Amino acid sequence: MKIDNDFIQLISHKDTLNKEQFKILGLDFQAIDNWKNLALEKEVSKNDANLLMLLKGDLALKAQEQIIKNYHMVLEFNNIKPKIVYEIPKEEKVAINDDEEYIRIYCDGACSGNPGNAGSGLAIYSNKKNPVLLYGAYEEVGTNNIAELNALHQALIIAKQTSSDNIISIFSDSKYAIECITTWAFSWKANGWSKKGGEIKNLELIKETHNLFLKLKDKIEINHVKGHAGVEGNELADRMAVYAIKTKNKNFEFYSYNKIEEVLGMKSY
């Protein structure tokens, strides 16, 4: 749904929002004079809209965090949104046992114009090794959303092909792609793959990716990570998505590099 003035009035308290509400909207918690204008440009999922309402008020930060945990517990209990994390901490601080395989897959999409040339990229981490980088899924006339879906689809394919006793963590900065596959698809499928208010864009890709998700849901977790926020894996996947547009690669290929810093220095949109 698109945020309007009525919804802003509904979720705000004393003409402002709290920290977690700002985080959901992707806005800085620091005082922003024009936060309402910035919020009006946002599209939010039904789950995020529900959270924004539940978080209304002058709540302590611990209370805000508890509300989010409780809400996701309810969703998971009802099989609405299993194994989805709203926002992750700096995962690079997670202690990794070198004797156990710990896999993280970052996926991202890019589009030059919307619609325009689109591409997808991935960065795959295994323990403390240098990440494997992939780029591809070029579309001459694509959108940012389809680029993000293509990236998530490829991440799930890789997860399927990977043998690991541990949960495989997938990271995407696209709430649209995550919600399509893990939340909205359940109701769309129950309604014969249709929704009120119009067609479901990218339907065939959504169906295929959702089916993969269902097969893998006990093996993976899908996390939302803030884009362009300095998270290495997300930044690398972004550079690969842009590189896919440059090379016009339809198939995914490995990218060879010597230093991660060189990849991070590549073009980004």
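Colleague: Why is lysine 267 called exposed?

Modeller: Lysine 267 has a relative accessible area of 57%, and exposed means over 50%, buried under 20% and partly exposed in between, with a 1.4 Å probe and protein chains only, so lysine 267 counts as exposed. This is a predicted model, in which local features need pLDDT of at least 70 and side-chain atom pairs count only at pLDDT 80 or more, while totals for chains, interfaces and linings use all residues. Residues are numbered from 1 along each chain as its sequence is written, and side-chain values use heavy atoms, with hydrogens and water left out.

Colleague: What does lysine 267 touch, not counting residues up to four places away in sequence?

Modeller: Lysine 267, which is found in the segment after α10 (260–264), touches Arg239 and Val242, where contact means heavy atoms within 4.5 Å.

Colleague: What makes the crossing of α6 and α8 left-handed?

Modeller: A crossing is left-handed if the near helix is turned anticlockwise from the far one by less than a right angle, and right-handed if clockwise; the axes of α6 (residues 144–161) and α8 (residues 203–216) cross at roughly 30° and come within 10 Å, and their crossing is left-handed.

Colleague: How do the residues of the contact of α6 with α8 divide into nonpolar, polar and charged?

Modeller: The contact includes Leu149 and Ile157 of α6 and Leu212 and Phe213 of α8, and its residues divide into 10 nonpolar, 3 polar and 2 charged, where Ala, Val, Leu, Ile, Met, Phe, Trp, Tyr, Cys and Pro count as nonpolar, Asp, Glu, Lys and Arg as charged, and the others, Gly among them, as polar.

Terms used
Helices (H or I, at least four residues) and strands (E, at least two) are DSSP runs, numbered from the N terminus. Axes are lines fitted to C-alpha atoms, for helices over the stretch in contact, and angles run from 0 to 180 degrees between N-to-C directions.
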